[in-house]
Each structure stands twice: as structure tokens, then as C-alpha cells.
Amino acid sequence: MNGSLAASGAPVPSAEARGARRDALRGFALALPATLWTIAFFVVPSAAILVWSLFRREGGVLVTDPGFDNYRRFLEQDTFRLALWNSVEVTLIVTVISVILAYPLAYVIATRVSLHRQRTWLMLAVLPFWTSYVVRSYAWLLVLAPDGVVNRFLLATGFATEPVALSFNRGATVLGFVHFFVMLCTLTIYASLARIDPKLRRAAADLGANGLQTFLRVTLPLSMPGVAAGAFLTFVIAIGDYVTPQILGGNTELLMPQVILLQINRRADIPMAAALSMLLMLLVTAAYLALARWLTARRT
Amino acid sequence: MNASHSGWDWISVLVMSPLFVFIYLPVAVLVLFSFHAGQVPVPPFEGPSLTWYAKVLASDRITSAGFNSIVVGVLSSLVATLLATLAAWGLARHRVPGARAIEALLFLPLAVSYLVIGVGLLVAFSAVGIGKSLMAVGIGHVVLNLPLAFAVVYGQFDRDQARLEQAARDLGATEVQVFLRVTVPLLRPAILAAFLLSLTFSWDEFIVAFLLSGFDPTLPVVIWGMLRTGLNPQTNAAGTLVFLASLAAGIVFEVALLRRRRDARAG
């Protein structure tokens, strides 16, 4: 250590400084393949999206002098603006409901189940996580169909006199999303709750706090990193998901991913799809900044 | 709120049961009606019957897509795990200036939607003339899985292990010997976990495969196509098989991680 510091001013590097440089080079060489892969197939494509979003498609040809036409079209056309608004609304609703449902589940597992059984219960709680993403939405379609399980139940118990339209609307999209993200948020919130020393809860009780006070002033604040991580993951994945709204939402309202795919598959308008993707990235960045306080606290 | 840490109290049961019904309902219905004898998978249940499984396994389109998915999954997971392991070793065992920046770069794809990554690759590949293919899907899946695999393996490097590696070096082992005979065996559970995690994610991944696969679709893309026929027990059967495959990988993953934790505790 001292050797390498002293060596920086010396004309001939000491053996230790040379060793440090060789060490750095070796480490860098090991990290290089992964770094290059990420640059070539993630950074460059992201830059390509930015560049393409400035191009435009006119009369079936790609016009490559840069401009903000696509963004102007986004602001002018209701379809695009509405899709963005729908996406933000649905994603926020999904994020809030998922966290609210996942919290008690994670809480019960982390505080009411004996330590050696917690992992088993957690695994059981997230087992359907392993169903294929496409299949999971289809499975909800089965449940919500006019003659599906839920409608049969409602008819048999007299809660409804005729089948209720449960699928192909926003409610079905939200339900399908919540199902997946309850499991995801349970994992992140549990991880946070399990890290809280039970002694802290006991100490709060000893100091005269009742159950609710202990929860609000000790447990909840300490579990916020898990809540934020779950909420952020939910936001990122849900706002970019094409499958769930496409299968469960029907065509009653379009979300951003559906509009992006429409540009690619039907219109062959890659520049517009790129501009909409940029806006999607912007939204995710906004969500990250909103939750950054807790997300970064988690790492340190 | 007298938390007894062993028994079940009624509040817990009250919280848990409706959530478990909610979480398991679609899977239960999916699996049950894959054994349905009728044409439409809705109650009342008729059967059990294996007709639809026979149809799935007899369909060339589904089985070849399954094969494509396995090839893409295994190869992309191998590449992702290898790159992640090398990078984790380089950054954890060597003093690299700017290591934090490299870490941040490797984690960056986690914060971007799969859809956007897929659109980016579609644009970039078509710009340089790379067509839609399984290769393109595989490259995309490495991008998606590299951050996860890196996180899993990187988290496993710790101080005790560094001491063992130093001991091997002191005893005259070369860098390569240290890596192959000390580092890799100690990391094996983490490497296996990273591989299996990548494998299940690739196996299940839809949107990147949908955008990049062209005429050689993977299994989720074919199942997506089957959904156009509406509710169909054959889709249930295919979905159940996909679920079982993921579940198997998931269980091995859990066991690998669990063993890693136990090893860590014992060591």
C-alpha cells in the first residue's frame, strides 16, 4: 500500500506498484467480456433507440434527418397520450395493491411462523411464480371466463343471476398483474422484515408502545427498503409488459407496450416505436428517482 | 399482539388463506383442466383424460419449439453464467480502478423493461443486417440474465474464500490452478444457482423471443400463438408441462441456494 503511494512520484515504479498494476489489469481483463457484451448488446442498442426515435417514417420510407416529429406526434395524437396515461394509471394501481396485499403475507411469514418453517412457507407462497408468464395470463382467462370457475361460483351461490363480464377489461389486467407482483413483493418485503432484529420489537413493547405503535414506528420504517424494491420492480416490469394487457385486457383500452408492438408489427414504424420506448425508459427513471431514497439505502 | 413464534393464531390464518386461494387459483384451474376430457376447459370437469397431453406431444410445432427453447436456454445461460463468473472474480479478487462503474454498468439492464431491450436489439440488429433468428434471441437472453447471474455469483465471494485462495497461492498454485481448484469448487453452488436462474428466465421469456425469433419460435411464442384459438385444453396441457419444467429448475435452484447458505454457516 505505502509502496504504491510512494511509487506514484518515483521515476521507476517499485515492484509493488508494478504488482498493483498487473493486478488491476488482470481484474479488468476478467471483467472485460461481460462489460463488452453489455456495451455491445445493451448500451449500443439503447443508443440506437435514441437515434431511431429522431428519424421518421414517411410514405413507407425511413427519413433519417433527425427531428422531433415522433415526439410531436405523441403529443398531438390522443391514442398515444391516452396509452401513456393508461399505463401510468394501471401500473400505479397494480403497484399499490400488490404492496398492500404482499405486506401482510410477508409479515405473517416473517413474524408469526417459526424460523425453520419460514423458508418453506415463503416457497409455498411464491410457487406459482414458476408458471410461464404467457400461461399465467391464460390461466386467469380460464378462471374469469363467462362460464369459468368464478362465474359458476357466483351463480351457484346466488351472488349473481347471470354471468358477469370479468375478463377483457381493465379489472382483469389489474388482477392478472397483481397476482404476479404480490408474489414478487412478498419476496422483497420478507427479505427486509426478516433482517429486523426481533429484539427491537420487544424493546419498543418494553418501552410501552402498543402493537400498532411498534408496527408504525419500528417495523414499517425498517421494512421500507423491501417495500421500495418490490414497488420498483413491480413498476419496471408491469409498465413494460405486453402479455398481460393483451390477453386479459382485450381491446377496450391500450397500454404503452401494446401501442409499441402495434407500431412494429402493423405499421412497421420503428422510429415511432423507438420514441415510445424512450418515453417508457423515462417513466422508469422517474420511478427510480421517486424511490431512490430507499433503494440506495438498501445497498449500503 | 402477543407474538407467539410457533403456533398459528387466527389473524395469521385470516390473512394467509384468502391470499393463498388467490395465488393458487389460476394454477389449480390450469392444471385440473389440462386433464379435462371435453373440448372447452370450463366446469363441470369431465375426465380425467390424457388426450390433450398426447396431442401436445404429437404436435411437431410444439415439440420443436420446446427443443428451440432448451437450446436457447442452455446456451444463453452458459454464456451468461461464464461471463458473470469471470466478471465477479475480476472485480472481487482484484483491485480494479473504476470497479464501481463497471458494476453499475453490469447491473444497468435490470432497470430497463424487457420490451425496451428487445426493441433496442431489433433496431440495432436490423441496422447492421443481422436477421431474426434463435441466435438473436440467445444474445438477448444473455443481456437479460447477465445482471442476475452476476449478482448471484458476486454475492458469494467473501473474505474466508479469499484467504483460502491466498493459501493456495502461497503453496505455489498458479492463478489458473487457484481458479479451477479453489475458487470454482467453493463457488459451485452459486454458479449452479446463477445458471438455473438464467435457464428458467430464458425458458419463460416471451417478449424478446417474440420480437427476435422469426421463423424459429421458442415455446412461449408458440403458446402465445395457441391462445388465439381461445380456451383450449391443449393450451392447458402445454402450460402445465412448461410449469412443471420451470418448477423442477426452481426447486433445484432453491436447494442449491439453501446448500450455499448452509455451507456459509458451517464455514
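Before clicking, one cut-off to keep in mind: a residue is buried under 20% relative accessible area, exposed over 50%, and partly exposed in between. Also remember that this is a predicted model.

**Stop 1: a loop in chain B.** Select Phe35(B). You'll find Phe35(B) in the loop that links α1 (10–32) to α2 (51–58) of chain B. Is Phe35(B) buried, exposed or partly exposed? Its relative accessible area is 28%, so Phe35(B) is partly exposed.

**Stop 2: chain B as a whole.** Zoom out and show chain B as a cartoon. How many helices and strands does chain B have? The count is 11 helices and 0 strands, so if you follow the elements from the N terminus on, you read α-α-α-α-α-α-α-α-α-α-α. The C-alpha trace of chain B spans about 70 × 65 × 30 Å along its principal axes. Chain B has 267 residues, and 54% of them count as buried.

**Stop 3: where chain A meets a chain B side chain.** Select Ser113(B), in the loop between α4 (99–107) and α5 (114–128) of chain B. Ser113(B) has 5% relative accessibility, so this serine counts as buried.

**Stop 4: charge on the surface of chain A.** Switch to chain A and select Arg18(A), Arg21(A), Arg22(A) and Arg26(A) together. These four arginines form a patch of positive charge on the surface. For a look at one of them, center on Arg21(A), which belongs to helix α2 (residues 15–54) of chain A. Arg21(A) counts as exposed because its relative accessibility is 57%.

**Stop 5: a leucine facing out.** Last, go to Leu289(A), in helix α13 (residues 270–299) of chain A. Is Leu289(A) buried or exposed? Leu289(A) counts as exposed, because its relative accessibility comes to 61%.

Key. Residues numbered from 1 in each chain as written. Chains lettered and ligands numbered in written order. Predicted model: local features only at pLDDT ≥ 70, side-chain atom pairs only at ≥ 80, totals over all residues. Heavy atoms only, no water. Patch = residues over 30% accessible without salt bridge, like charges linked within 9 Å, V, L, I, M, F, W, Y side chains within 5 Å. Areas by Shrake-Rupley, 256 points an atom, 1.4 Å probe, with all protein chains shown as cover. Lys, Arg positive; Asp, Glu negative; His and termini not counted. Charge placed at Lys NZ, Arg CZ, Asp CG, Glu CD. Helix = DSSP H or I, 4+ residues; strand = E, 2+ residues; numbered from the N terminus. Buried < 20%, exposed > 50% of the residue type's maximum accessible area, 1.4 Å probe, protein only.
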